[in-house]
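Subject: A structure for you to look at

Hi there,

Here is the structure I promised to pass on. Please open it and have a look around before you read my notes below.

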Amino acid sequence: MVKGAALFLQQGNSPQGPPRSLLHPHKHAGDLPQHLQVMINLLRCEDRIKLAVRLESAWSDRVRYMVVVYSTGRQDTEENILLGVDFSSKESQSCTIGMVLRLWSDTKIHLDGDGGFSVSTAGKTHIFKPVSVQAMWSALQILHKACEMARRRCSSRSRWPRQAPS
């Protein structure tokens with residue numbers, strides 16, 4: 001954990017239980033461990049959280065996160081999505097999903113120069129501003145890896161021989 005972000009390390013195919021960091025929270029974690037548990041409980045059993053980053057919010061009482069979630073798709077490929085998750089307060093024991101964004105091979109990520117970054121895919125652009133520089137860099141690393149994986153998967157499929165129509 002860094003200020004405003006929790007990074008999950010992949011442990012084979014084991015089911016996602018409470019991460020060790022939730023049992024022994026980091027001194028800068030704040031309400032993040034409790035919020036992570038709520039987010040984990042919201043997901044399907046086959047979904048895994050890679051990263052949760054706290055975002056700046058226009059509303060002082062609302063807590064927002066950008067969450068990178070992955071699952072194994074068809075042909076054992078990893079598929080990644082971004083979730084926008086909102087808590088109505090720091091003490092809230094429930095959350096809502098306000099955005100679902102699939103990370104495709106055409107996804108572009110750009111720094112915006114204001115401590116944030118934008119993610120563009122499928123003709124739409126979303127802007128994210130994490131609460132700390134460490135959280136921003138953690139998010140950028142995970143997002144770039146996920147997009148690179150999608151591009152490799154797409155390019156390897158295009159090299160397969162195609163059958164002529166019959």
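Predicted model: local features only at pLDDT ≥ 70, side-chain atom pairs only at ≥ 80, totals over all residues.

The protein chain has three helices and eight strands. If you follow the chain from the N terminus, the elements come in the order β-α-α-β-β-β-β-β-β-β-α. Of its 166 residues, 42% count as buried. The accessible surface of the chain is about 10,300 Å², and carbon and sulfur atoms account for 52% of that. Among contacts with a separation of 6 or more, 49% are between residues 24 or more positions apart.

Now to the inside. In soluble globular proteins, nonpolar side chains tend to be buried together. Here, the largest nonpolar core has 22 residues, and those touching the most other members are Val53, Met66, Leu82, Phe117, Val119, Phe128 and Leu143. Strands S2 (48-55), S3 (63-72), S5 (95-102) and S7 (117-121) and helix H3 (133-158) each supply at least two residues of this core. Helix H3 gives the largest share, with eight residues. Apart from this core lies another one, made of 17 residues, including Ala6, Met39, Tyr65 and Phe87.

Which residues does Phe128 touch, leaving out those up to four places away in sequence? They are Leu55, Met66, Leu82, Met99, Gly116, Phe117 and Val119.

Enjoy exploring!

Best wishes

Terms used. Residues numbered from 1 in each chain as written. Heavy atoms only, no water. Core = buried A, V, L, I, M, F, W, Y, C linked by side-chain atoms within 4.5 Å. Buried < 20%, exposed > 50% of the residue type's maximum accessible area, 1.4 Å probe, protein only. Helix = DSSP H or I, 4+ residues; strand = E, 2+ residues; numbered from the N terminus. Contact = heavy atoms within 4.5 Å. Areas by Shrake-Rupley, 256 points an atom, 1.4 Å probe, with all protein chains shown as cover.
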